[in-house]
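Please look through the chain below before trying the exercises, and keep its numbering at hand.

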Amino acid sequence: MNEFLAGLVRWIVRLAVLAAGAVLFLSLLIVVALLAVVWGARSLWARLTGQPATPWTMRMDPREGWSTVYRSTARWSAAGRRAQAADGEPGALRSAELPGARADVV
């Protein structure tokens, strides 16, 4: 009896995994089909109106990420704080002042 129940549970688990895989595959297939229909309709509309069909692209410039990190690093580094102090920004450290130092300690 134990072998029969173990075999039955094994087949039920196999069928459940197969059903979950089929649902995932079909949902991804539907999403891709919908995107293809939208893309085709957009291309057809551009052709009918005489406009150029612009592709769907992700505009990403690697230099932009580098400059963002570089600006952020310069703000937190000692050289960046000295440059801010030289520019006269409020709240910037003077070059002789250490972070966390108290003014009343001689």
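The exercises below go from the whole chain to single side chains.

This is a predicted model, in which local features need pLDDT of at least 70, side-chain atom pairs count only at pLDDT 80 or more, and totals for chains, interfaces and linings use all residues. Residues are numbered from 1 along each chain as its sequence is written, and side-chain values use heavy atoms, with hydrogens and water left out.

**Exercise 1.** Work out which elements the chain has and in what order they run.

Solution. Begin with the count, which gives three helices and zero strands, where helices (H or I, at least four residues) and strands (E, at least two) are DSSP runs numbered from the N terminus. Read from the N terminus on, the elements run α-α-α.

**Exercise 2.** Compare the reach of α1 with its expected span.

Solution. Take the 48 residues of α1, which reach 70 Å from the first C-alpha to the last, close to the 70 Å expected at 1.5 Å a residue; the expected span is 1.5 Å times one less than the number of residues. Then step past the end of α1, where G50 follows with a positive phi near 80°.

**Exercise 3.** Decide whether M1 is buried or exposed.

Solution. Locate M1 in the segment before α1 (2-49). M1 counts as exposed because its relative accessibility is 75%, given that buried means under 20% relative accessible area, exposed over 50% and partly exposed in between (1.4 Å probe, protein chains only). For the chain as a whole, buried residues make up 4% of the 106 residues.

**Exercise 4.** Find what sits over the ring of W11.

Solution. The charged end of R14 sits over this ring, 5.0 Å from its centre, where the rule asks for NZ of Lys or CZ of Arg within 6 Å of the ring centre and within 35 degrees of the ring normal.
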